[in-house]
Amino acid sequence: METVRAAERELMARLPEGALMQRAAAGLAAACADVLGRVYGTRVVLLVGSGDNGGDALYAGARLARRGAGVRAVLLAPGRAHAGGLAALRRAGGSVVSDAGGAVELVEQADLVVDGIVGIGGKGGLRENAVPLAEAARRGRGVVVAVDLPSGVDADTGEVRGAAVRADVTVTFGAYKPGLLIDPAREYAGVVRFVGIGLETVGVREPEAEALQHADVARLLPVPGAESDKYRRGVVGVAAGSARYPGAAVLAVGGALRGGAGAVRYVGPAGGAVLARYPETLVSERGPARAGRVQAWVVGPGAGDDAATVGEVLAADVPVLIDADGLRLAEVGAVRGRGLRGVPTLMTPHAGEAAALLGVEREEVESGRLAAVRELAARYEAAVLLKGSTTVVAEAGGGGAVRVNPTGTPWLATAGSGDVLSGLGGSLLAAGLSAVDAGSVAAYLHGLAGRFAAEGAPVAAEDVAGRIVEAWRSVVGARG
């Protein structure tokens with residue numbers, strides 16, 4: 001978040017004193033008014049800390065008070081509350097609550113609670129005096145609106161290391177913070193509303209995280225030219241499945257056929273099952289090295305203990321996507337060596353697989369996704385797509401902005417869904433996308449396909465594969 005803080009400092013130096021806070025407060029007040037619907041006569045409680053977020057809350061409260069709301073501010077650090085904001089609130093008819101016990105009851109009965117306790121510089125959970133108020137807001141009847149991000153969550157990493165405010169709406173200013181995009185903190189943010197305050201005029205350099213949107217993905221999608229044939233469009237090889245898990249091969253091929261490559265070669269023991277479902281697949285029984293020309297490989301889904309095939313694929317001088325059993329069977333030196341030679345590799349673990357590779361507990365990965373994906377990318381010198389409630393993608397070496405996938409649905413947590421994603425990502429690699437772009441675009445399309453397939457109900461992995469084309473079309477519409 002230092003990039004955002006630096007941009008704010010630069011912008012404040014250009015503007016009259018207090019102008020940036022007034023912009024933020026105006027946007028916050030407008031969002032609160034939208035949430036309330038009718039402002040006049042409503043009961044609003046501000047939870048005010050000592051930082052700028054508290055000032056934003058006080059100035060926004062003053063605007064609401066002038067529109068007829070009954071606004072009361074609970075000061076968690078009375079001697080350090082923003083003086084200008086406090087004066088503005090009192091001039092507008094708002095008041096301050098000094099009784100801590102009474103404050104809890106007020107929060108429970110409020111129509112709207114504004115969380116201005118801690119700003120983006122806060123670390124760790126809420127302090128002891130704020131916890132009862134956060135709990136009261138959660139069980140109360142009012143809507144909870146967080147200023148910039150919910151108090152108690154880590155803006156930089158998305159971690160939650162203690163008690164935190166659970167917001168229904170978060171109004172964030174100037175730039176999205178990683179903690180609003182990455183679980184577990186994302187769960188605390190509710191609906192995120194963005195308010196521009198002019199940071200784009202100074203630029204936010206080297207972001208910690210970024211989230212692609214439709215237009216970004218549309219620009220990355222491979223498009224065949226007039227002279228393209230199936231080989232020029234790219235051929236992806238899929239080395240997957242086993243006698244025990246033939247379905248993994250079928251699902252990976254299904255994802256690959258819909259990912260932009262011109263052809264799919266399958267190598268493995270599930271050729272019969274693959275051909276029965278997808279007769280257009282080029283099936284070989286000769287092993288990866290002798291299967292024919294490919295522009296990328298997918299290896300690992302349902303592979304069991306076939307370390308020889310994984311090693312053979314990693315020896316190839318083309319991009320490789322490693323998933324599932326392949327992650328366990330791939331030697332660190334072999335993967336890292338590819339990266340040092342400049343041959344792209346994309347690893348796609350879920351949290352449990354990532355934890356095993358890092359030698360930590362699964363909970364550590366789930367609570368610190370940014371740190372985990374960067375560490376894996378650095379250790380293996382490979383791009384890493386860490387699947388989960390928030391899917392994140394890091395470039396080889398772990399540097400640069402981590403891409404956070406904004407699409408998806410919890411219904412995607414179903415057997416075989418990851419196999420479809422692997423095939424899709426491998427096909428995009430074969431079509432010429434970089435490892436990071438292939439992972440990001442695959443996750444985006446896969447998430448959209450999951451939404452389209454689910455529509456609020458359970459889905460199977462094959463349902464997701466069948467909706468990838470629809471997801472692709474929806475993104476292509478953003479090209480114009």
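## Inside or outside

Here, a residue counts as buried when its relative accessible area is under 20%, and as exposed when that value is over 50%. E455 sits in the loop between α19 (435–454) and α20 (461–466). One more thing to know at the start: this is a predicted model.

Most residues other than glycine have a negative phi.

## A sheet of seven strands

Now for the sheet. Seven strands make up an open sheet with parallel pairing, and their order is β3-β2-β1-β4-β5-β6-β7. At the edges are β3 (95–97) and β7 (191–195), each of which pairs on one side only. From one strand to the next, the twist averages 25°. What holds such strands side by side? Strands of a sheet pair through backbone hydrogen bonds.

Let's go through some of the pairs. β1 and β2 (residues 70–75) run parallel and share six bridges. One of the residues involved is L46, whose bridge partner in β2 is A73. To get from β1 to β2, the chain passes through helix α3 (residues 52–66), and this β-α-β crossover is right-handed.

Next along, β2 and β3 are joined by three bridges, again in the parallel sense. Here R72 has S95 in β3 as its bridge partner. Helix α4 (residues 83–91) goes together with β2 and β3 in a right-handed β-α-β unit. Over at β7, five bridges link that strand to β6 (residues 169–173), and the two run parallel. V169 finds its bridge partner in β7 at V191.

## Two helices to look at

Which strands does helix α2 lie across? Helix α2 (residues 19–36) lies across β1 (43–48), β4 (112–116), β5 (143–147), β6 and β7. Its direction is at about 160° to β6.

Helix α6 (residues 131–139) has a buried side. L133, A134, A136 and A137 are the buried residues there. They lie on the same side of α6 because they cover an arc of only 160° around the axis. The face of α6 turned away from the buried side carries the exposed residues R138 and R139.

Is D323 buried or exposed? With a relative accessible area of 2%, D323 is buried. You'll find D323 in the loop between β13 (320–322) and α13 (325–329). Its side chain makes a polar contact with the side chain of S422, at 2.6 Å. Leaving aside residues up to four places away in sequence, D323 touches V299, G300, P301, T348, K387, G418, D419 and S422.

A324 belongs to that loop between β13 and α13 too. A324 has a relative accessibility of 19%, so it counts as buried. Its phi is near 50°, a positive value in a residue other than glycine.

## A buried arginine

R265 is part of strand β10 (residues 263–267). At 15% relative accessibility, this residue counts as buried. What does the side chain of R265 reach at 3.0 Å? That would be the backbone oxygen of R293. The side chain of R265 also reaches the backbone oxygen of A291, at 3.5 Å.

If you set aside residues up to four places away in sequence, R265 touches Y231, V235, V236, G237, V238, L282, A291, G292, R293 and V294. Both residues that supply those backbone oxygens, A291 and R293, are on this list.

## A cis peptide bond

Most peptide bonds are trans. The bond from D183 to P184, though, is cis, with omega near 5°. Where is P184? It is in the loop between α7 (178–181) and α8 (185–189).

Technical notes. Residues numbered from 1 in each chain as written. Predicted model: local features only at pLDDT ≥ 70, side-chain atom pairs only at ≥ 80, totals over all residues. Heavy atoms only, no water. Pairing = 2+ DSSP bridges. Helix = DSSP H or I, 4+ residues; strand = E, 2+ residues; numbered from the N terminus. Axes fitted to C-alpha atoms, helices over the stretch in contact; angles between N-to-C directions. Contact = heavy atoms within 4.5 Å. Buried < 20%, exposed > 50% of the residue type's maximum accessible area, 1.4 Å probe, protein only. Arc of directions from axis to C-beta. Right-handed = clockwise from strand over helix to strand, strands pointing away. Polar contact = N/O pair within 3.5 Å; in protein donor to acceptor, adjacent residues only side chain to side chain.
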